[in-house]
Amino acid sequence: MAATTKTTGIGAALRRKEDLRLITGRGEFTDDFREAGQLYIYFLRSPHAHARIIKIDATEALALPGVKSVLTGKELLADGIKPLPHHVWALHPADIAMPNVDGSETFMAPHHAIAVDKARHVGEIVAMVVATSVALAKDAAELIHVEYDILPSVTNTWDTVKQDAAVVWDENGSNVCGDVETGSREDTNAAFAKAAHVARIETWVQRVTGVPMEPRAALAVFDEGTGRVTLTAGSGGSVRLKYDLAHMLGMKSEDVRIIMKDVGGNFGTRGMIYAEFCLVGWAARRLKTPVKWTAERSESFQSDYQARDLAVTAELALDKDGKFLAMRGSNIGNAGAHTSNFSPLQKGVEIMTSIYNIPTACFRARPVVSNTLPTRPYRSAGRPEVMFVMERLIDIAAREFGFDRVELRRKNLLHKEDLPFKNPFGMIYDNGDYHAVMEQVLELGDWTGFEARRAEAKARGKLRGIGVANYVDTATGVPRERAEITVRPDGQVDVIIGTISQGQGHETSFAQLATEFLHVPEDKVNIITGDTDVVKVGGGTHSGRGMRLASIVIWKASNEIIAKGKRIAALMAKADPAQVTFEKGHFHAAGQSLSLFDVARAASERNDLPDDLRAPLYAMSDETVNEAAFPYGAHVCEVEIDPALGTVEIARYSTVDDVGRAVNPMIIHGQTHGGIAQGVGQALMEEIVYDRQSGQLMTGSFMDYTMPRADNFPFFDAGFAEIPCTTHPLGIRPAGEGGTTPALGVTMNAVVDALRDFGVTHMDMPATPEKVWRAIHRKA
Amino acid sequence: MYDFSYHRPTSLQDAVSLLAKQPDAKPMSGGMSLLPSMKLRLSKWTDVVDLAAIPDLSGIREEAGHIIIGARTRHVEVATSALLHAKLPALAELAEGIGDPLVRNRGTIGGSIANADPAADYPSSVVALDATIITTRREIAADAFFTGLFETALAHDELITAVRYKIPKRAAYMKFRHPASRYAIVGAFVAQMEGAVRVAITGAGPHVFRIAAYEDALTKTFSSAALDGVTPKLPSLNTDLHASADYRAHAVVEMVRRAVKAAAARKSI
């Protein structure tokens, strides 16, 4: 941890303002809201992975007293409810375009909120029941008779592209929705032809699910008088949800209001509108009654967007000295049953070469559909997958061709003088010192002392292994953000911002920004988010954009507050505005010292001010930031394996992430710790399993889906570097995803290293006890 | 959860007659397995007979060289019993490893044994310690009690009132936890009794089972080295996403070994 003695503003490790409220049960999550007379919704979901819906008979269900409505795809279409407005590719100008090789359009199919013709995954909504209680709605759902024609299904990613695979969308004729080539095939093949060594990997980065602590919920109210729909729900941002919901319901955006208070986790999988949100709004409008839906955990497993699921074959060409010459391969991204989001594929393939100096590369990228839950960006979408591939390839090359793993990285890592650097796919990395950061984490993780620890573990009958991994993250996301600041005469500063905290601690860290710029104590700063009647513009929280963009607009709005304040102070003190200074929260003008709040009061009380200074003391900054950021860092992981049972213990874990400028070091460390748990969770434990034959979801609860827990981890040695980011006016780099991005690769490098004496050169994730045990005992 | 009638009898007789009247009535002790399965609509009962108001069903005492534990004694009480820590620490440790604090504060020994979950911990102690299940009708020997997956020798209207444990010279329970559920993939309870060693395995098969070859070897010499070269005959074992049958078979061997080591390290009582 960087030494900091600051107690306020940027750099202070302040305790989170929101925590007392949250840990004493005073949070306001969606399910905490209720409306008089609200009805309850239960969704009947498909038990089949792939089935044509022949007939739905709800007669018996509707006959139950208290059952108000049963709605199916038929009513959905009749009411003109539009399909989910997915944005399939990331459209930020810094991200690469993904045109098909043959010039055809990417295949896209309508994703209806209720299955209309076919159910395409287990858990897809087939009917919505509205009743006076949840239990009654469930009873009614059991009385709905659905006649299915069960079809062959496909869930496994490698299987989707096979000739004989079941086809999810008949309209496309195959499951492949696009076929993209990035980089230069000619140069890459030429480089491979000259290579002394070629390292190869074929791996599947398995599917996981996001598991926010708060299951999704929604409460919708229709106001007959105004014709407005108000939806209370948690998501990645409220403004986009407002537009998306209005679109689906065929309403004007001003007729939709979103209220989003506390949100218990997002990680990206919660970042988009969901079918349920639209259906709850539709039901409220149709029945003219408030309606409520709250997912149970088992429902979350079969309805939350899932994540990762990338099948990769890749090769790395090296010269005889270990210099990387080129990289090539093919990525297949499993989007699930709907053509909803291909951006993890895109955001991975554009940085396959990571921060190594690889002159040329070429990758094929194919988004595919399957009879599984749709996937979405999840904690550093696409990047942990490809960093895993790169870092594993380097260890494979080192082992196979006799190089030292660290030396191989030192030889090929980009130097600070090489930056900015355009990678073979066209991404331009900003600045940093990749070598210094890797050396820092090797020191922190005591790389040189490892062999002694390995020997000590061996004496105890344990297998100890170590790994190192570098990473780079592409932070793009929605480029526009807005902050509105009002200085209130009563001594409070209100900051309206278009992001949403789902646990990131914005109430504290964003307040620290206002404190830094306006010299107002953090506890006088109110961060206001989430109600679209108040927040008009904002891109939400994702893609490392929360602090990155909020800091810019809060800074610019603060500067405007100070500029306005100087003019008001000048009028108050009868001084020349150019002579007014602002220091430590006070304007100094003609010998007078006026506080920010004195000036705010004057602005609201005086009637001799020019029009643009009349009350309240307010400023707005609305910025579109088209530059990407490239946070990077390095992790070292050390594991200890019990060969008798194959269990893997994380013995040490060290991180150095370059955050540019740490706004709240404690919050950053907290996000890093959580990120590591998500990354190590994928490496060692988590996996969404579908039965390859029937397409059934086998991991439908915490009984089968292994969530990492606190006792799976040691205390982390989390450090960071603060090399100011040159593409951010305040030098800040995103810090929220660094914990996860290299964690998959570094953990598996450590596991494979621990198993080196057993002929193990690679293992697909997750490294479960049985898989490790089989590797040790050379069992298939 | 489906609708059901809730009963809270204050005597064993009333409880038994309520059960006798309804073929789809279910007794509930702590409810830590029953309630989740009902909430998930995985089980449906016309009547739930809550045993919580029946007096004198809980407590741990020593009597005539045995430990007697009332059926409604909660896991937390077993885990923290000074008597058990002195006389049968392996059982207290087993209870301490069940579920989480919430489950241990409500779940009971009788409920767990009657439920006979193949991955539950207590059944291994019952069999390894050659315990006797005392019911409203009779006494049932441990070896005759667990008859199948979630199946026991109990009649529909028969309730466990207590478990009578023999006190071993030494014993230990070692659990290899399922990474997701943290139930036992394999739980091995090894007890050196007067005259013989008993080895009971939970989690691995459809119900708890003993391993005769290991018992014979350990009866001769109570050390993990005595297991070397002994090939146990195991029943057909469970397979799930996290542990195949052959991995479980290997884990059985390993966990018995660890339990023997742990027990051998204890002072003999």
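In the predicted model, buried residues make up 57% of the 780 residues of chain A. The secondary structure of chain A comprises 20 helices and 28 strands, and its radius of gyration is 27 Å, close to the 28 Å that the globule rule gives for 780 residues, so that chain A is as compact as a globular protein of that length. Taken along the principal axes, the C-alpha atoms of chain A fill a box of roughly 85 × 70 × 55 Å.

For chain B, the domain assignment gives two segments, namely domain 1, which covers residues 5–48, and domain 2, which covers residues 169–269. The C-alpha centres of domain 1 and domain 2 of chain B are placed 34 Å apart in the model.

Between the two chains, 13 residues of chain B are in contact with 17 residues of chain A. On the side of chain B that touches chain A, the element that gives the most is helix 11 of chain B, spanning residues 245–264, which provides 3 residues.

Key:
Residues are numbered from 1 along each chain as its sequence is written. Chains are lettered from A and ligands numbered from 1 in the order in which they are written. This is a predicted model: local features need pLDDT of at least 70, side-chain atom pairs count only at pLDDT 80 or more; totals for chains, interfaces and linings use all residues. Two residues are in contact if their C-beta atoms, placed from the backbone, lie within 7 Å. Helices (H or I, at least four residues) and strands (E, at least two) are DSSP runs, numbered from the N terminus. Domain bounds come from an automatic or database domain assignment. The radius of gyration is taken over C-alpha atoms; the globule rule is 2.2 Å times the number of residues to the power 0.38. A residue is buried if 20 or more other C-beta atoms lie within 10 Å of its own, exposed if 12 or fewer, and partly exposed in between; C-beta atoms are placed from the backbone.
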